[in-house]
Amino acid sequence: MSDQDRTGKRELTSAELGFLAHVYRGELYRSTLWRTRLDTTTNWSVVTLGIALSISFSSPQASPIPLLLVGILIVLFLMLEARRYRYFNVWRARARWMERHMVAPMLSDGDLHLEHGWQQVLAEDYRHPSYHVSYWVAVGRRIRRNYFWILVIQTIAYLGKLLVHPTPLRSLGQLLDRAAVGPIPGLLVLGFGAFYCAGWGLFALWSRRNDRHRARQRSDSTGMG
């Protein structure tokens, strides 16, 4: 049984400390496993974009449409990765919480600072597990970390295809003709593309501001995540 000293600080037995060590190892393993799953969806996006680049630039007469269609797959992978990130963030937050309040104090002064109440936060998270970030916050973080650059490469490749194939561009009207997809006029296609890129860019900026706001709130509380 654990006891409690006069300062109200709860002392842990060696068995309890050993159990916490195993809990930490388990959370670290789960965060590592889900981190690997995040990398998998990013790899899928890179591979599909690479295939679209190979098809579109295989010859001057090849169509740029694969570079447009691959955007649908990239968004699908982004949605899947955001869902996986919410799971990953739970395990990462728990492991980081124990590192901050258990591992770091033990390494710095050889003691656990249980009087800070951090163990109650962790206990509640085990009793009532929930996501620490919303789905759209997760989407914004994945855009900022990985998918922004994938979307930039897709956009540059598409515009480059229109500019150089099948011959170097000579006029704006020629650009609109090349951008047309069947009955859809080129101006509409380019306008949708601009909205597509600007929308994800603004969403990433909103996500960054939201994360900073959340960080300022956490600095004055014991929130985890």
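**A tour of pockets, a patch and salt bridges**

Start with Leu68, Val189, Phe192, Gly193 and Tyr196: of the 20 residues lining the largest pocket, these lie nearest its centre. Helices H2 (65-109), H4 (135-164) and H6 (186-218) each give two or more residues to this lining. A pocket here is an open set of points on a 1 Å grid where a 1.4 Å probe fits, with protein on both sides within 12 Å along at least five of seven lines; lining residues have an atom within 4 Å of a point. Helices are DSSP runs (H or I) of at least four residues, numbered from the N terminus.

The model is predicted: local features need pLDDT of at least 70, side-chain atom pairs count only at pLDDT 80 or more, and totals for chains, interfaces and linings use all residues. Residues are numbered from 1 along each chain, and side-chain values use heavy atoms, without hydrogens and water.

Stay with the largest pocket. Its volume, the space filled by probe spheres set on the points, is about 500 Å³. Colour H6, which gives the largest share of the lining, eight residues.

Move to the second largest pocket, about 360 Å³. Select Phe19, Leu20, Gln119, Leu122 and Ala123, the closest to its centre among 13 lining residues. Helices H1 (14-56) and H3 (118-127) each supply two or more lining residues. H3 gives the most, with six.

Next, show the surface at Trp44, Leu73, Leu76 and Leu80. They form a nonpolar patch with about 340 Å² of accessible area together. Such a patch joins nonpolar side chains (Val, Leu, Ile, Met, Phe, Trp, Tyr) within 5 Å, from residues with over 30% relative accessible area and no salt bridge. Areas come from the Shrake-Rupley method with a 1.4 Å probe. Leu73, at 37%, is partly exposed.

Now the salt bridges (Lys or Arg side-chain nitrogen within 4 Å of an Asp or Glu carboxyl oxygen). There are nine. Select Glu27 and Arg94, which meet at 3.5 Å, N to O. Glu27 is in H1 and Arg94 in H2, so the pair ties together parts 67 residues apart in sequence. Both residues are buried, that is, under 20% relative accessible area; exposed means over 50%, partly exposed in between.

Include Arg30 to see the network of Glu27, Arg30, Arg94 and Asp125.

Finish at Asp211 and Arg144, bridged at 3.0 Å. Asp211 is in H6 and Arg144 in H4. Asp211 is buried at 13%, while Arg144 is partly exposed at 26%.

How values were computed
Patches are made of residues with over 30% relative accessible area and no salt bridge: like charges are joined within 9 Å, nonpolar side chains (Val, Leu, Ile, Met, Phe, Trp, Tyr) within 5 Å. Buried means under 20% relative accessible area, exposed over 50%, partly exposed in between (1.4 Å probe, protein chains only).
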